[in-house]
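Welcome! Here are a few exercises for getting to know a structure, each followed by a worked solution. Have the model open beside you as you read.

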Amino acid sequence: MPGTETEIHLSPEQAAEAISAGADVVDVRRDYEWEGGRIPGARHVEMNDLTAQAESLPRDRPILFYCRGGSRSGMAVDAFRQAGYEAFNIEGGLTAWVAAGQPLDPPDGVVEPSRPA
């Protein structure tokens, strides 16, 4: 796993390698963002539901969190690391993932723009 205790932000390329090696991927975006496009194999747990779903996430392998740009997932990573998880943030979020040429599910998916809450 390309990461140490201080290296919690993974580039899209590092994230793709970690996913290939068995890391779990959690999308913390809102429903409409998830429906627009996501990293293949990701699990959807909205940011507001993470605390309630925490125990359903694995502690025996790395978890990569992402959102659109990396801010929300960065907060998730901080909280999960404090709780003892091996958590990482995909730097730049789904926007950087797509810009790096990584795949989306569905293949014609998009990165949904932000909407007011």
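Two residues are in contact here when they have heavy atoms within 4.5 Å of each other. This is a predicted model, in which local features need pLDDT of at least 70 and side-chain atom pairs count only at pLDDT 80 or more, while totals for chains, interfaces and linings use all residues. Residues are numbered from 1 along each chain as its sequence is written, and side-chain values use heavy atoms, with hydrogens and water left out.

**Exercise 1.** Describe the surroundings of D27.

Solution. D27 belongs to strand β2, residues 24-27. Helices (H or I, at least four residues) and strands (E, at least two) are DSSP runs, numbered from the N terminus.

Step 1: is D27 buried or exposed? Buried means under 20% relative accessible area, exposed over 50%, and partly exposed in between, using a 1.4 Å probe and protein chains only. D27 has 0% relative accessibility, so D27 counts as buried.

Step 2: list the partners. Not counting residues up to four places away in sequence, D27 touches W34, R38, R43, H44, V45, E46 and Y66.

Step 3: look for a polar contact, meaning a pair of N or O atoms within 3.5 Å; within protein, one must be able to donate a hydrogen and the other to accept it, and residues adjacent in sequence count only if both atoms are side-chain atoms. The side chains of D27 and R29 form one, at 2.7 Å.

**Exercise 2.** Work out how the strands are arranged in the sheet.

Solution. Step 1: recall that strands of a sheet pair through backbone hydrogen bonds, either parallel or antiparallel. Two strands pair if DSSP finds at least two bridges between them.

Step 1: read off the order. Five strands make an open sheet, β1-β5-β4-β2-β3, with parallel pairing. β1 and β3 (43-44) are at the edges with a single partner strand each, so one side of each has no neighbour in the sheet.

Step 2: zoom in on one pair. β2 and β4 run parallel and are joined by four bridges; V25 has L64 in β4 as its bridge partner.

**Exercise 3.** Which residues of helix α1 are buried, and what do they pack against?

Solution. Step 1: in α1 (residues 12-20), the buried residues are P12, A15, A16 and A18. Seen down the helix axis, they fall within an arc of 160 degrees, so they line one face of α1. The arc is that of the directions from the helix axis to the C-beta atoms.

Step 1: these buried residues pack against β1 (9-10), β4, β5 (87-90) and α5 (93-99).

Step 2: turn to the face away from the buried side, where α1 carries the exposed residues E17 and S20. Just after the helix, G22 takes a positive phi of about 110 degrees.

**Exercise 4.** Find the side-chain partner of E33 in a polar contact.

Solution. Step 1: E33 lies in helix α2. Its relative accessible area is 1%, so E33 is buried.

Step 1: the side chain of E33 makes a polar contact of 3.0 Å with the side chain of R72.
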